[in-house]
Amino acid sequence: MISFSLSLLALVVGYFVYGKFVDHIFGPDNRETPAVTKADGVDFMILPSWKIFMIQFLNIAGTGPIFGAIMGAWYGPVAYLWIVLGCIFAGAMHDYMSGMLSIRHGGAGLPELVGNYLGIGTKKIMLIFSVVLLLMVGAVFVYSPAIILTMLWDNKIFWIILIFIYYVIATLLPIDKIIGKIYPLFAFSLLFMAAALLVGLFIKQPAIPELWDNLAASNLNQPTSILGTDSFIAKDPIFPCLFITIACGAISGFHATQSPLMARCMKSEKMGRPIFYGSMITEGIVALIWATASMYFFYYGGWKECVDADTLNAFMQQVDTAEGKTLVQYFDAPAVVEIVCNSWLGIFGGILAMFGVVAAPITSGDTALRSARLIVADSLNISQHNIKNRLLIALPIFASCLGILVWQIKNPDGFNVIWQYFGWSNQTLSVFTLWTITVYLCRHHKNYFVSLFPALFMTAVCSTFIFVSPQTLDLGSLGYILGVSSVFIAGVWFYLWHRKQYHA
């Protein structure tokens, strides 16, 4: 618990110290924002700052800081380092800068920002890349909450249809009609869940691995015997797989598609640090709490204390009889959420916590499709004030998302396949955003190192993942050499570009 407590403190301090430093570098001022200059009563309108924070937090949260942190807990306490350092120095800075850049460019979406600073060709790539990613987010975040809701009533198709209908309505209506009214309630549920688990952790003081323990031995993604069987967890190297697994809660490119939504609703640029940087730090805290609760669940037999006798007996029988069945495969992320919430928080607390866990992906899914609508509309220069124009853009988006969803349902491994592609695509999107921020800071003679180092690191993560991951090329040592080469090429490109700009 010492590592967890120090990590929690570091995130809070990071907001007040490094967050202020990043805010000073950008330099918010008193100029009029797009919410004032482009007010249309649909997407551009002034909202209260507390409500914007709640919406931004839910937009970026999804199941990422929960499911991602649970899966990341298998890597051991090294996950703490990534959540804390990634959130403070990469993720929160990434979200803040992308949101503030959107404000400075009239509420522009991510492809527009990338085009302004990385070129028209890159803009076209990002337009397709962003829309495809948002469609995957919409499909995944219909399916994952539907799975959780089947714990209340076992009819997955019903929940999928209901959630998708909500997506259609929320995507088309003005932002203050549904999103602005119900998000505070959803946010309260999610924050209650995190706060309740936090209190539970400090009360229980569970035995969990510390950062100074043997980190290699704490990585349960290495081969290990389970209950005397030959089953073992799949080998996923910490680098780069940990940095893909835990995205939301550390850094996530998806957030840069969401920040423009709130950039269109802010009355003042000076609201940027609490809204953009602060919501990411809050998400980091949620991820930290779930990573710790999951370590308690997975390590030192903690799961035996959470699971009731009937479920435990069923699990023991399944592990003994199912060839190749592993602990992580049986206790998947939704199961861990249900068991931990019910075990720690009781019936009422468990229901409220589950509501928060369900609300998080649903609210990210609807704003993902809303972002897709706005990105396509901006690229085609079609005003969204008229409902007919919104339908013109939204109907093909709904149809495409529905197609992905149908394939996902029919394919037994569809969810996992889409989630893997989403994970890599999500972090690749952060690479483009970080390089966009770096070029912007260079052109405006600001401290570009705050984004350059994260850009180089995430370039290494995403390129290396393609080369070494067991789910992709799996090139072993050669993959790491190619990953390092990619970073070297990116660094040389930036040096030559910067030198040209400087001498020009």
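Q: Why is Asp 474 called partly exposed in this predicted model?
A: Partly exposed covers the range between the 20% cut-off for buried and the 50% cut-off for exposed. Asp 474 has a relative accessible area of 48%, so Asp 474 falls in that range and counts as partly exposed. You can find Asp 474 in the loop between helix H20 (449-468) and helix H21 (477-503).

Q: What makes the phi of Asp 474 worth a look?
A: Its phi is near 50°, a positive value, and Asp 474 is a residue other than glycine. Most residues other than glycine have a negative phi.

Q: What is the phi of Gln 205, and where does this residue sit?
A: Gln 205 has a positive phi of about 45° although it is not a glycine. Its place is in the loop between H9 and helix H10 (215-218).

Q: What makes the peptide bond from Phe 239 to Pro 240 stand out?
A: This bond is cis, with omega near 10°. Most peptide bonds are trans. Pro 240 belongs to helix H11 (residues 238-245).

Q: How do you know that Leu 149 is buried?
A: Buried means under 20% relative accessible area. The value for Leu 149 is 11%, so this residue is buried. Leu 149 is part of helix H7 (residues 120-149).

Q: What does Leu 149 touch, beyond residues up to four places away in sequence?
A: Leu 149 touches Trp 159, Ile 163 and Val 358. Take Val 358: Leu 149 and Val 358 are 209 residues apart in sequence, yet their C-alpha atoms are 7.5 Å apart in space.

Q: Which residues have the most contacts inside the largest nonpolar core?
A: They are Ile 66, Met 97, Phe 276, Tyr 277 and Trp 290, in a core of 164 residues. Helix H17 (residues 333-380) gives the largest share of this core, 20 residues.

Q: Why is the pair Arg 31 and Asp 29 called a salt bridge?
A: The cut-off is 4 Å between a side-chain nitrogen of Lys or Arg and a carboxyl oxygen of Asp or Glu. Here the N to O distance is 2.8 Å, so the pair meets the cut-off and is a salt bridge. Arg 31 is partly exposed at 41% relative accessible area, and Asp 29 is partly exposed at 24%. Both belong to a network of salt bridges that links Asp 29, Arg 31, Arg 104 and Glu 269.

Q: What makes Arg 373 and Asp 43 a pair that ties together parts of the chain?
A: Arg 373 forms a salt bridge with Asp 43, and the closest N and O atoms are 3.2 Å apart. Arg 373 lies in helix H17 and Asp 43 in the loop between helix H2 (34-37) and helix H3 (49-61), so the bridge ties together parts that are 330 residues apart in sequence. Both Arg 373 and Asp 43 are buried.

Q: Which helices hold Glu 112 and Lys 123?
A: Glu 112 lies in helix H6 (residues 110-118) and Lys 123 in helix H7, so this pair ties together parts 11 residues apart in sequence. Their side chains meet in a salt bridge of 3.1 Å, N to O. Glu 112 counts as partly exposed at 22%, as does Lys 123 at 23%.

Q: Which residues form the nonpolar patch on the surface?
A: Ile 157, Ile 161, Ile 165, Ile 169, Leu 173 and Ile 409 form it, with about 480 Å² of accessible area together. Helix H8 (residues 156-172) gives the most, with 4 residues. Leu 173 is in the loop between H8 and helix H9 (179-204).

Q: How many helices and strands does the chain have?
A: The chain has 21 helices and 0 strands. Of its 504 residues, 60% count as buried.

Q: What is the average pLDDT of the chain?
A: The average is 85, and 87% of the residues score at least 70. Over residues 223-234, however, the pLDDT is below 50. Where pLDDT is low, the predicted coordinates should not be read in detail.

Notes:
Residues are numbered from 1 along each chain as its sequence is written. This is a predicted model: local features need pLDDT of at least 70, side-chain atom pairs count only at pLDDT 80 or more; totals for chains, interfaces and linings use all residues. Side-chain values use heavy atoms; hydrogens and water are left out. pLDDT is the predictor's confidence in each residue, from 0 to 100. Contact means heavy atoms within 4.5 Å. Helices (H or I, at least four residues) and strands (E, at least two) are DSSP runs, numbered from the N terminus. Buried means under 20% relative accessible area, exposed over 50%, partly exposed in between (1.4 Å probe, protein chains only). A nonpolar core is a set of buried Ala, Val, Leu, Ile, Met, Phe, Trp, Tyr and Cys residues joined through side-chain atoms within 4.5 Å. Patches are made of residues with over 30% relative accessible area and no salt bridge: like charges are joined within 9 Å, nonpolar side chains (Val, Leu, Ile, Met, Phe, Trp, Tyr) within 5 Å. Accessible areas come from the Shrake-Rupley method with a 1.4 Å probe; for residues, only the protein chains shown count as cover.
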